[in-house]
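Morning, everyone. Let me put the structure up, and then we'll walk through a few spots.

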Amino acid sequence: MDDSKKDNQPLTVEELKNKGNECVKDGKFIEAVLHYTHAIKMEPNNYVLYSNRSLAFLKLDQHYLSLQDANETVKLQPQWAKGYFRRAEVEAASELYDEAIISYTRALQLDPHNPKLIESIQLITDKQKQKVKGNQNTIWICTCLGLIIGILVVILDYCFTTSPTLGHPFSMVAFSIALAGLGWSIGKSVTLMNTWSAGKSLQPPEDLVGSDSPSKENVQTEKRSKYSKAQARQRYKQGRL
């Protein structure tokens, strides 16, 4: 009798949190999100729950939702280092290394003796340096390829045509430099595209965008159906349209 009553009792916030933690350990991240969400509905100001759900969302590659929960954690408890750590983890996963370093540093200020934070800052700093170096290498390689292609075109033009189009030395040099400049432009464009693509995973899912706003067709329909044709003609005559 007592056991059946106990089984029918709803789970407490702490029990739901523990179930969510167990699911995270077992790799059942969707179930973990469900448990944390249920607990948050019961206790919406519990910053630990948002932090835990942020981790679960991150494991599911739901960066936008993970960042939302991390920001809510910081908002509810701005003096808790883990909130900034959660935010930094999402930013790092989204390749926003500058932002991640700032968040990690803020967490370290609140928890200066945490070795994981120091290690994370060093790791992200190294990744940022590698990214910058990779961008520079891309520009350099594209520039060199452009120059090499330009030189090859000049040589082929000179060797295999009776009247070389680029016969004048100045034309040869100018053509080679122009192709090198084109290669530089291509390399720069590639690096800019890589930079712009960073943080793209933090864009809100399509099903969350514009869900509360009426569609353009609905607005136009409402405008068209506001007055009947007879009323519209009357308003026009009165100068109100």
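First, a term: buried means under 20% relative accessible area, exposed means over 50%, and partly exposed lies in between, with a 1.4 Å probe and protein chains only. By that rule, L76 is partly exposed, because its relative accessible area is 27%.

Some ground rules. This is a predicted model, where local features need pLDDT of at least 70, side-chain atom pairs count only at pLDDT 80 or more, and totals for chains, interfaces and linings use all residues. Residues are numbered from 1 along each chain as its sequence is written, and side-chain values use heavy atoms, with hydrogens and water left out.

Back to L76. It is found in helix 5. Helices here are DSSP runs of H or I, at least four residues, numbered from the N terminus. What does L76 touch, beyond its neighbours within four places in sequence? P44, N45, N46, Y47 and Y50. Contact means heavy atoms within 4.5 Å. Take Y47: L76 and Y47 are 29 residues apart in sequence, yet their C-alpha atoms are 5.9 Å apart.

T73 also sits in helix 5, residues 63–76. T73 counts as buried, because its relative accessibility is 0%. Not counting residues up to four places away in sequence, T73 touches Y47, Y50, S51, W80 and G83.

Next, helix 9. G187 is found there, in residues 169–197. Buried or exposed? G187 is buried, because its relative accessible area is 0%. Leaving out residues up to four places away in sequence, G187 touches T138, I139 and C142.

Now helix 8, residues 115–160, which holds W140. W140 counts as exposed, because its relative accessibility is 59%.

Last stop, the largest pocket. A pocket is an open set of points on a 1 Å grid over the protein atoms alone, where a 1.4 Å probe fits, with protein on both sides within 12 Å along at least five of seven lines; lining residues have an atom within 4 Å of a point. Which helix gives the most to the lining? Helix 8, with six residues. Helix 6 (81–93) and helix 8 each supply at least two. The lining includes L58, E89, Y104 and K116.

That's the tour. Thanks.
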